[in-house]
Amino acid sequence: MEFFNDVGGDLLKPSLFELVAQEQLRDLLQPALKYVLSVFAQRYPRYILRLVNRHEEFYALLMFFVERHYLRTHGASFAENFYGLKRRRKPLFETERANAAVGGVPPEEKLRDREIWRSLLFLIGLPYLRAKAQDYFEELGGGLDPEIAEADELRRQRSTLGDETLRGKFRRAFKRLYPWLNTTFEVWLLACNIAYLFDKTPYYRPWLSWIGVDLRRLGIEDLRAAGQVLTPKPRIEKSRGILATLRHLLLSSPRLLLDSLKVLLPTAIFFVKFLEWWYSPSSPARALSTSPLGPAIPPPRLLPPHPQGIRIQELKYGECGLCNNAISNATALPSGYVFCYRCAHEYVEKNGKCPVTFLPARIWQLRKILV
């Protein structure tokens, strides 16, 4: 695992596997947070539903403060610091002191405000733009199941994709070019990873060269400096008033909370992944439910309707709540409620949510029910 990176004798140069692992940890944060918010939104839709609908913006704002704190305090992003890595300003000339494992931390290699803001641009801004582009591509019908795409192709050509205005042309061009642009970007990153693996470049990501930083392992001096920061300095005890104590707690609480995320976030990810595995088809919970000796798992609780949503109680059995006719080509939304396929498709495409619970829904999440 360390073969390709230890040939040159640079003990502080991280391997490609460490860099990929920290990126995978960072990619798991957003789905885990979205899952937790979705669970709470089912019980408190009035307060949390807006956060779920604007999850990309909420996550970007939250991670902006987290990453900014870690870059200023630890000289690395959250995931990089978790794996014992740091960012340093790339020196013009590599010296023995810079390459040595115990050579200290030169002050000219510490991140400045320019490197911090450029790092935030690619740590927060680039993933946000890619997520929004993927959502927009899915709204245009990209990535749909072949059966759904073929059944709805005629209607799309007459409405959205058949629009001859400037907006319609842009939507058609974006739907056609986005898969190629996304694939080209991924191939570009793969080429940079291979070049880094064989020591052809010191940057495993191409934009690190523009930022002016490279990634290194934490050395002994870095760990000592971090230990000195965490160790409280001895001081003379002074009598404090209540206001002074409250002020000290308010000033120190945000930093303690952000530092505690190093333990809380990976724990939350592990818990979410454990729940996904436990309720998967091959999990012990599913085996117990099918066993004659095991307890049967009760069906999921029906999601409560939104106060402004469609009132299912007033409908007859087998009646669509959108067109008030008998359900034709039954299709289920992620919330579990069933409507006509055409009615559900048009409503979700226009509003992006369930008409009953107002929970977010996408076109590709619609599931036809085969009777």
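Helices α2 and α4 are oblique to each other, since the angle between them is neither under 35 degrees (roughly parallel), nor over 145 (roughly antiparallel), nor 65 to 115 (roughly perpendicular). The structure is a predicted model, in which local features need pLDDT of at least 70, side-chain atom pairs count only at pLDDT 80 or more, and totals for chains, interfaces and linings use all residues. Residues are numbered from 1 along each chain as its sequence is written, and side-chain values use heavy atoms, with hydrogens and water left out.

Two packed helices are described by the angle between their axes and the distance between the axes. For α2 (residues 16–43) and α4 (residues 55–74), the angle is about 125 degrees and the axes lie 11 Å apart. Axes here are lines fitted to C-alpha atoms, for helices over the stretch in contact, and angles run from 0 to 180 degrees between N-to-C directions. The α2–α4 crossing is right-handed, meaning that the near helix is turned clockwise from the far one by less than a right angle. From α2, the contact (heavy atoms within 4.5 Å) draws on R26, L29, Q30, L33, K34 and L37. Their partners in α4 are H55, E56, F58, Y59, L62, M63 and E67. By class, this contact holds seven nonpolar, two polar and four charged residues. Ala, Val, Leu, Ile, Met, Phe, Trp, Tyr, Cys and Pro count as nonpolar, Asp, Glu, Lys and Arg as charged, and the others, Gly among them, as polar.

Helix α2 also packs against α3 (residues 45–53). Here the angle is about 150 degrees, with the axes 7 Å apart. The two helices are therefore roughly antiparallel. Their crossing is left-handed. L37, S38, F40, A41, Q42 and R43 of α2 meet P45, I48, L49 and V52 of α3. Seven of these residues are nonpolar, two polar and one charged.

Helix α14 spans residues 341–351. Its buried residues (under 20% relative accessible area, 1.4 Å probe, protein chains only) are Y341, C343, A344, H345 and V348. G352 follows α14 and has a positive phi, near 70 degrees.

Overall, the protein has 14 helices and five strands. These are DSSP runs, helices being H or I of at least four residues and strands E of at least two, numbered from the N terminus. Of the 371 residues, 35% are buried. Among contacts between residues at least 6 apart in sequence, 62% join residues at least 24 apart. The protein exposes about 24000 Å², and carbon and sulfur atoms supply 63% of it. Accessible areas come from the Shrake-Rupley method with a 1.4 Å probe.

Notes
Buried means under 20% relative accessible area, exposed over 50%, partly exposed in between (1.4 Å probe, protein chains only).
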